[in-house]
Amino acid sequence: MSQTSELSLLRDKIDACDSALVDLLAQRRELTEQVGKIKQASGAPLHVPQREASLIEARRAQAERKGVNPDLVEDILRRMMREAYENQQSELACAAPQLSPVVIVGGAGAMGQLFARQLQRSGYEVRVLDKAQQADQASILADARLVLLSVPINALEQVIRDLPPLPDECILADITSVKQAPLQAMMKKHPGPVVGLHPMFGPDISHWVKQTVVVCDGRGGEVYQGLLDQLQIWGCHLANMAAKKHDQAMQIIQVMRHLTTFVYGQFLARQCHTLEELRSCSSPIYQLELMMVGRLFAQSGELYTDIMLAQFDEVEGLLASYQDTFEQTLSRLQAKDKAALMAAFEEAKGYFSDSAQTFLRQSRGLLNKANDAKVIS
């Protein structure tokens with residue numbers, strides 16, 4: 001047999017393997033859909049961390065025995081799991097039926113719509129209260145058991161003040177990215193249960209499994225526990241945090257990150273190179289950086305300027321420290337002071353400590369995915 005014929009035969013066998021893989025994926029999808037229905041009927045959470053961990057461990061061990069790269073097997077499994085979680089979103093278990101009816105103030109916005117869809121999938125009655133429904137505000141809120149505020153940061157406190165008296169047992173909650181002032185305003189307005197929530201994700205998520213929601217206690221935890229149970233049924237990871245601590249953390253995690261990304265995007269826009277030129281000669285890690293910068297500018301300018309403005313007074317000190325660090329680095333570069341630069345590197349490295357190696361390993365997987373996705377014409 002010629003090498004050409006042998007190559008063709010081997011390719012045919014590879015095609016047959018790929019076809020069998022697709023058939024197995026279809027079979028697996030059918031099974032996970034059945035699992036989803038049982039979870040919905042029984043009230044079981046979508047995500048069971050122990051089950052996921054044991055499954056990954058078992059298949060990695062099997063891959064090693066078979067001479068297959070266990071990282072490859074884990075990548076495939078995690079991608080299949082994500083697909084399964086997405087497929088199980090159509091009908092979800094209801095953890096706290098006593099929360100109906102739910103009123104989402106600002107429900108016409110992207111995040112309001114996201115919560116409305118998820119609540120409806122779990123069987124809750126959801127009402128939207130936005131500008132178009134203002135005339136009917138009193139009747140919409142009259143028998144509400146959960147009022148969820150999903151409005152811009154700069155309008156939130158006025159919206160709270162304008163609310164009519166709510167039923168005593170009604171839960172008042174917000175999903176904005178600042179927590180101290182909203183919590184104080186809600187507790188002043190409403191004598192009943194109050195909780196501050198901060199979903200650490202945007203409206204474009206495909207499923208809620210492993211998504212982080214920060215929970216800041218207000219009042220009546222035993223009443224709003226049902227809401228937290230529902231978030232966990234959806235697969236969310238809840239991070240309990242004091243409101244002040246939350247706002248301090250967000251100054252770094254959100255405000256400073258958004259600001260530096262905002263500045264870098266403006267910087268790029270003023271350069272002589274087009275985005276296409278930069279992408280054509282970019283390494284995978286810079287491709288990822290461009291993706292994250294571009295992601296910000298694909299969204300609402302008003303949202304991100306509101307986030308930065310809402311906490312500007314609080315981050316002024318951080319900004320001064322950031323600017324000082326940048327200027328110190330620039331001075332050392334200008335002086336060609338390699339020793340000082342290396343000392344600064346080691347200082348930052350010490351902060352990351354053992355996590356640096358974990359981040360290196362995790363980012364390697366992301367970089368491989370970014371490179372795999374590259375389109376070459």
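**Entry 1: an aromatic pair**

My scale: buried is under 20% relative accessible area, exposed is over 50%, partly exposed is in between, with a 1.4 Å probe and protein chains only. The model is predicted: local features need pLDDT of at least 70, side-chain atom pairs count only at pLDDT 80 or more, and totals for chains, interfaces and linings use all residues. Residues are numbered from 1 along each chain as its sequence is written, and side-chain values use heavy atoms, with hydrogens and water left out.

Phe 267 is partly exposed because its relative accessibility is 45%. I count seven aromatic pairs in the structure. The Tyr 264 and Phe 267 rings have centres 6.0 Å apart and planes at 20°, so this pair is stacked. My ring rule covers Phe, Tyr and Trp (its six-membered ring): centres within 6.5 Å make a pair, planes under 30 degrees apart are stacked, over 60 edge-to-face, the rest tilted. Both residues sit in helix α9 (residues 243-269), three residues apart, so about one helical turn separates Tyr 264 and Phe 267. Helices (H or I, at least four residues) and strands (E, at least two) are DSSP runs, numbered from the N terminus.

I then checked Tyr 351 and Phe 352. Their pair is edge-to-face, with 5.5 Å centre to centre and 85° between the planes. Tyr 351 is exposed at 71% relative accessibility. Phe 352 is partly exposed at 41%.

**Entry 2: cores**

Which residues have the most contacts inside the largest nonpolar core? I find Ile 104, Val 195, Leu 197, Trp 208 and Leu 231, in a core of 43 residues. A nonpolar core is a set of buried Ala, Val, Leu, Ile, Met, Phe, Trp, Tyr and Cys residues joined through side-chain atoms within 4.5 Å. Leaving out residues up to four places away in sequence, Leu 231 touches Leu 197, Trp 208, Val 213, Cys 236 and Leu 238. Contact here means heavy atoms within 4.5 Å. Another core lies apart from the largest one; it has 23 residues, including Ile 140 and Val 194.

Trp 208 turns up again in one aromatic cluster with Phe 115, Phe 201 and Trp 234.

**Entry 3: whole chain**

I count 15 helices and seven strands in the protein chain. Of its 377 residues, 36% count as buried. The C-alpha atoms fill a box of roughly 85 × 65 × 40 Å along the principal axes. Among contacts between residues at least 6 apart in sequence, 68% join residues at least 24 apart.
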